[in-house]
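Welcome! Please take a moment to look over the structure below, and then we can walk through it together.

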Amino acid sequence: MIEVEKKNDDEYIVIIEEGNDRSKHTVNLDDAYYQKLTDGKTTKEELIKKSFKFLLERESKESILPEFNLRIIGKYFPEYESKINGRYGAIL
């Protein structure tokens, strides 16, 4: 299960639970990048949740950085921006 909690306008806490095991991550998402990926057609929380689903298909929750800006995903996974707009519920 993935829970996303808004800390402030650009910072979110993400909790990933698998059975009794959980990890906590702090994610930054600025308005410009949010608009680029979604054109405002979904919430920031939903974008972050879908982004974590994307990450969990590629690595374990323990491998996900404890704190990062959402923009960095594309540096590790170049297909991120195109995949997040299609496979995960057509955000755009």
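The model is predicted, so local features need pLDDT of at least 70 and side-chain atom pairs count only at pLDDT 80 or more, while totals for chains, interfaces and linings use all residues. Residues are numbered from 1 along each chain as its sequence is written, and side-chain values use heavy atoms, leaving out hydrogens and water.

Let's begin with the largest nonpolar core, which has 21 residues. Such a core is a set of buried Ala, Val, Leu, Ile, Met, Phe, Trp, Tyr and Cys residues joined through side-chain atoms within 4.5 Å; buried means under 20% relative accessible area, exposed over 50% (1.4 Å probe, protein chains only). Leu47, Phe52, Phe68, Leu70, Ile73 and Tyr80 touch the most other members. Two or more residues each come from strand E2 (11–18), helix H1 (31–38), helix H2 (44–56) and helix H4 (80–84). Helices (H or I, at least four residues) and strands (E, at least two) are DSSP runs, numbered from the N terminus. H2 gives the most, with five residues.

Now turn to H1. Its buried residues are Tyr33, Tyr34, Leu37 and Thr38. Seen down the axis of H1, they fall within an arc of 110° (taken from the directions from the helix axis to the C-beta atoms), so they line one face of the helix. These buried residues pack against H2 and H4, with contact meaning heavy atoms within 4.5 Å. On the other side of H1, Ala32 and Lys36 are exposed.

Finally, look at the two ends of H1. Asp30 caps the N-terminal end, with a side-chain oxygen 3.2 Å from the backbone nitrogen of Ala32. After H1 comes Asp39, whose phi is positive, near 55°.

Terms used: Polar contact = N/O pair within 3.5 Å; in protein donor to acceptor, adjacent residues only side chain to side chain.
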